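Trainee: Hello! Could you walk me through a few residues here, one at a time?

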Amino acid sequence: MRTRAPRRAPAYLDEGRRRVGGAPLTFLLCLLTAAVIAMVALRLLGIDGDHVMVVLLAGTPFAAGGGALLVVFSMLFRRWAVAAVALAFTACLVAAIAPRSFTAPRSLGAGPTVRVLSVDLAQGRANAASVVALIRDQHVDVVAFQELTPSSATALNAAGLSAELPSQLFAPGDGPTGSGLASRYPLQSVTIDPPTTFPQVSARVSLPQQRTVQIESVHVRPPTDDNTTDTWKRELDALPDPVDGTPPMVLAGDFNATVDHAGLRSALVSGYTDAASQVGQGLQPTWPTDGSLPPLLPIDHVLVDKRCPVDSFATFAVPGGDHKAVLTQFVVTINR
């Protein structure tokens, strides 16, 4: 009597048994893929949402990196369908952030060159002598200060700021509320309307060759909870737009927002260029620098009127500060 050989299981079942982790790992990878899909939806649909969504959107570059790792792990563990879906949606995130790492085309322009620096003084804790040395070494023409306190204003001029940039419009305040502009060229104050949580000094700068540019020291209220997030959205939306027939506008400061936030992108659509992104430095983090964490997020920006070609952008650590200073050089190509 012949004995029948045991039947082999189909190949796909064999493969399924051999897959590491089984159903639990598949579920975990699917859950992570769903998170990537949600990030793509938030980013591409332009939804800043509540406080939690704002925080998540700030981490879009990290989500893209995490999505790439997810694709690799899914392929290593032979979850091919998961890998395909994760790859497609990760590619969407990469497409949104990658251009910030490459220099964008821009015209040469003819006119006076201006170097604008923005410094968050960390409620006066930033070292005044180091700030003035940076201004001197980098041949800064205009500096925008945030969190300018009465004591830091005094310390800056004692360290030689007035010798470098004699024209000053300061509105110092306690804690994070102070603001100011200092320039080697004459300043004419411009009133901001409506008023913001942290007063923002704005002025027209009279440049050589009879050119003028308007610069505002920006400090948008941080979105620390749902109530402040609503204020953050409204203050981003209230940023002044460039207007044809008027001097070009420059917004420099602590926006408490990245280019992945819809509120900041709307300003770019209205006529500004993010100087860092123009020269391939758009992913350079500027906060925090107080030692609690490594710098994670690019929330300090110089937004330059699109009518003014951007030449360069750089960041600098400031002793005692909690933000990097940001410096850009651009050309003012138009008259009033």
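Mentor: Happy to. One term to begin with: a polar contact is a pair of N or O atoms within 3.5 Å, and within protein, one must be able to donate a hydrogen and the other to accept it. Please keep in mind that this is a predicted model.

Trainee: Which residue has its backbone oxygen 2.8 Å from a polar atom of the side chain of S74?

Mentor: Start with S74 itself, which is found in helix 4, residues 60–76. The distance of 2.8 Å falls within the 3.5 Å limit for a polar contact. The backbone oxygen belongs to L70.

Trainee: Is S74 buried or exposed?

Mentor: Leaving aside residues up to four places away in sequence, S74 touches L29, R79, V82 and A83. Buried means under 20% relative accessible area. Because the relative accessibility of S74 is 0%, S74 counts as buried.

Trainee: And F27, is that residue buried or exposed?

Mentor: F27 sits in helix 2, which covers residues 22–45. Together with L28, L31 and L32, F27 forms a nonpolar patch on the surface, with about 400 Å² of accessible area together. The cut-off for exposed is over 50%, so at 57% relative accessibility F27 counts as exposed.

Trainee: What distance separates the C-alpha atoms of G173 and E147?

Mentor: G173 lies in the loop between strand 3 (167–171) and strand 4 (179–183), and counts as buried at 10% relative accessibility. Not counting residues up to four places away in sequence, G173 touches L148, T149, P150 and G178. Although G173 and E147 are 26 residues apart along the chain, their C-alpha atoms are separated by 7.4 Å.

Notes
Residues numbered from 1 in each chain as written. Predicted model: local features only at pLDDT ≥ 70, side-chain atom pairs only at ≥ 80, totals over all residues. Heavy atoms only, no water. Patch = residues over 30% accessible without salt bridge, like charges linked within 9 Å, V, L, I, M, F, W, Y side chains within 5 Å. Areas by Shrake-Rupley, 256 points an atom, 1.4 Å probe, with all protein chains shown as cover. Salt bridge = Lys/Arg side-chain N within 4 Å of Asp/Glu carboxyl O. Helix = DSSP H or I, 4+ residues; strand = E, 2+ residues; numbered from the N terminus. Buried < 20%, exposed > 50% of the residue type's maximum accessible area, 1.4 Å probe, protein only. Contact = heavy atoms within 4.5 Å.
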